[in-house]
Amino acid sequence: MRIELASAPGTPERLNEDWASVALPASGQGGTIVVLDGVTPPAGDDGCVHGVPWFTARLGGALIELSGSRRDMTLAEILSEAIRRTADSHSDTCDLSHVRTPQATVVLVRWGGPADAVEHLVLSDSTLLLESPNGEVRPVLDDRIDRLPRELLRAHATADALRNAEGGFFTAAADPAVSARAVTGATPRSEVRAVAALTDGASRWVDMFGEGDWAGCMALLRKEGPQGLIDRVRSMETSAQERGEVIRWKLRDDATAVFAEL
């Protein structure tokens, strides 16, 4: 088994709001991957005294512990419980009803166990890639935010109205019920030879800059590793800036990638 992980902040001046971890049992049978992309709120009040990095660390810690120890729970149940635990840890100090309360996208993968399957859960715009033994790569995406008009997402007021709302998009925030909105599934272990989890800062290689398709991204990860992918994205961001091109959302975003050959 080969597992590699890399993460880099968008700029050195800001804390990295992504969070990633891998857990392997002592038996060597199975494992779990968690990747979170903390949602950077607009300037101003978000009702929380802690901040996004604190939130992703708490949520990520609960997810990696539960997914590694509770084989009796589905990934959706694990996400729900992890959100509940995290909310309980700051409900007495923070306004969790605030629409911008700290939140994150989620990729959760677990393999092994009695079913001998690769289970997955994706919530919001991070990406999971599943590679079959013959090299075919299947992306698992929650594309609800991509189907929304860009002009609505650019304005804070209209974006807030769509956040964790029917007809909008969903993230892991303070409501455990959001786990029912995640994209979930399972693939027989024999049909998966590798997986990759990417925050949208790393998936830019495909979905923003168009340097290749998802199969090409997986091949790049296998050859150069997650840091190689992030380095290439940073180079393309610099080149775009030098050409005066406008990059949507942020010039540079936190970027995290996990690659695992199972």
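Start by selecting glycine 244: this residue follows helix H6 and has a positive phi, near 80 degrees. (Helices, H or I of at least four residues, and strands, E of at least two, are DSSP runs numbered from the N terminus.) Before going on, note that this is a predicted model, where local features need pLDDT of at least 70, side-chain atom pairs count only at pLDDT 80 or more, and totals for chains, interfaces and linings use all residues. Residues are numbered from 1 along each chain as its sequence is written, and side-chain values use heavy atoms, with hydrogens and water left out.

Now select H6 itself, residues 214-242. Its end C-alpha atoms are only 26 Å apart, while a straight helix of 29 residues would span 42 Å (1.5 Å times one less than the number of residues). Zoom in on glutamate 224, shortly before proline 226: there is a kink of about 115 degrees here (the angle between axes fitted to the seven residues ending there and the seven starting there).

Next stop, H1 (52-69) and H2 (75-88). On the H1 side, the contact includes Phe55, Leu59 and Leu66; on the H2 side, Ile78, Ala82 and Thr86 are among the residues involved (contact means heavy atoms within 4.5 Å).

Last, pick arginine 189, in the loop between strands E8 (183-188) and E9 (194-198). Which backbone oxygen does its side chain reach at 2.4 Å? That of leucine 262. The arginine 189 side chain also reaches the backbone oxygen of valine 192, at 3.1 Å.

Methods: Polar contact = N/O pair within 3.5 Å; in protein donor to acceptor, adjacent residues only side chain to side chain.
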